[in-house]
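Please consider the following briefing alongside the sequence and the coordinates. It is arranged by topic.

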Amino acid sequence: MNTSSITLPVTPYTRFRTTLDQTIERLGLCSEEIAFLSQPQHVHRCELTLVKDDGSEAIFPAFRVQFNNARGPYKGGIRFHPDANEEEVKALAALMGIKTALADIPFGGAKGGVQCDPKKLTRRELEELSRAYVRAFINILGPYRDCAAPDVNTNPDIMAWMRDEYERKQDVYAPGFITGKPLSYGGIPGRDTATARGGFFILEELVNFSALNPTELRVVIQGFGNAGAHMALFLHRAGYNVVAVSDSQGGIYSPDGIDPFRIQKYKKHTGSVTGEYCKGSVCDIEKMKLDHVQRVTNEELLELPCDILIPAALDNVITEENAARIEAKYVLELANGPTTPEADALLDVRGVMVIPDVLANAGGVVVSYFEWAQGRSGRQWTTEQVKEDLRRIMLAAFTAVRHEAQRHRISYRQAAFSVGVQRMLETMRKRGWV
Ligand code: NAD
């Protein structure tokens, strides 16, 4: 069989390894250092048994991968998803290690997952599964050992059940056990907007030092969830021209600019960003013409004329196939892994500046760190403190990446890995690990 034409899927781990390998080669690391950077310290797996509401039993594979704790307790979210698997969780744990080091916060990298479809579980079943996860991994989790957080399909309610389970089983008060909790149970203000706000701070800085005028910049955003919608609102408020947004059902585009506040209002009522104009596939064409609005697919959206493209939904959306048609001059990766390594190389050659995920979306884990610190100190943070400290940390990380990129004439992604890896190695050497 001729296999030369078969394109293997880009997995999160191949994406991670591509950039890590480039970093390893450039920094000339030894085999001991490479082993620490490329392999997790611990991979924990188990099967969770859930007694469902109808009395039947269901079994769900569950994972916790602890990649590296050189710089502090392991840190990373727990996702509930039918496709969650060990390879994916491993790659996401590795990326968390780079992200926390790059942000210079005292954590390592970890990730967790349960292979399940939470949409098919009742609230009681979801609670029971969340508590079962904590019981299964209770000996390897903890505020100073491994601090979990929300990820895909997990939320503040689930974090509250998990904290409660840990505190009951260990008979301790442990607000630092987990982050992303509800405000009334140890949460921190601004966690919901943290990822978008962190990305926004970086974009603002980029625009300032490039002497650009926000009002002349057209922005396209894919994804109108937590990350994408908040970003659209921040940008609109700051005078940027948000020309297109989308969700899983497609997007809308207007060269004149759209108002994300209105989009959000209609999405709340209709469930879709096209809701002001369309009911399902039936659209009010006259109204669309009047407002200079067009409907676009998610694929078309990425190729629209714009200055800044913000993927904030899925991974692997910018590929070898469409990279040459991306018109944006800047890509800010709010989503994890939206650009394949091949597309990354093509964008680099074309001079498109990509602000990589490990930097662009680090705001979430930075505010998680504040929440963890709040739990340790017992002192409640204010929204203003969160914003101010988030800004300081994001800009410090961005400056470090910018200088590294300029010094070595490398892409921002390679520079971000380079800074993160060097920080991890510095601590490992101090600790005598390598
Ligand atoms: P979310 O579930 O709140 O929103 C996801 C959005 O993507 C929704 O609007 C959904 O409709 C849209 N979407 C789904 N399928 C789509 C498709 N095929 N085409 C276009 N849009 C589609 O998720 P989120 O928290 O906003 O996360 C989005 C991305 O950002 C993910 O990659 C996530 O890993 C990353 N991220 C989020 C955070 C955070 O704090 N929320 C932190 C770091 C990274």
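Which element provides the largest share of the lining of the second largest pocket? The largest share, 6 residues, comes from α1. This is a predicted model, in which local features need pLDDT of at least 70 and side-chain atom pairs count only at pLDDT 80 or more, while totals for chains, interfaces and linings use all residues. Residues are numbered from 1 along each chain as its sequence is written, and side-chain values use heavy atoms, with hydrogens and water left out.

**Second largest pocket**

- About 260 Å³ of space lies in the second largest pocket; a pocket is an open set of points on a 1 Å grid over the protein atoms alone, where a 1.4 Å probe fits, with protein on both sides within 12 Å along at least five of seven lines. The volume is the space filled by probe spheres set on the points, which are joined across faces, edges and corners.
- The lining comprises 19 residues, of which R15, T19, P341, D344 and R413 are the closest to the centre; a lining residue has an atom within 4 Å of a point.
- Two or more lining residues come from each of α1 (12-27), α11 (341-349) and α15 (412-430); helices (H or I, at least four residues) and strands (E, at least two) are DSSP runs numbered from the N terminus.
- By class, the lining holds 6 nonpolar, 8 polar and 5 charged residues; Ala, Val, Leu, Ile, Met, Phe, Trp, Tyr, Cys and Pro count as nonpolar, Asp, Glu, Lys and Arg as charged, and the others, Gly among them, as polar.

**Helix α1 against helix α3**

- The axes of α1 and α3 (residues 86-103) come within 8 Å and cross at roughly 35 degrees; axes are lines fitted to C-alpha atoms, for helices over the stretch in contact, and angles run from 0 to 180 degrees between N-to-C directions.
- P12, Y13 and F16 of α1 meet E87, E88, K90, A91, A94, L95 and I98 of α3, where contact means heavy atoms within 4.5 Å.
- The residues of this contact divide into 7 nonpolar, no polar and 3 charged.

**Five-stranded sheet**

- An open sheet of 5 strands has the order β1-β2-β4-β3-β5, with mixed pairing; two strands pair if DSSP finds at least two bridges between them.
- β1 (42-51) and β5 (146-150) each have a single partner strand, so one side of each is left without a neighbour in the sheet.
- β1 and β2 (residues 57-68) run antiparallel and are joined by 10 bridges; V51 has E57 as its bridge partner in β2.
- Helix α4 (residues 123-136) packs on this sheet and touches β1, β2, β3 (74-81) and β4 (109-115).

**Seven-stranded sheet**

- 7 strands form an open, mixed sheet in the order β11-β8-β7-β6-β12-β13-β14.
- The edge strands, β11 (294-296) and β14 (353-355), each pair on one side only.
- β12 (residues 308-311) and β13 (residues 330-332) run parallel and are joined by 2 bridges; L309 has V331 as its bridge partner in β13.
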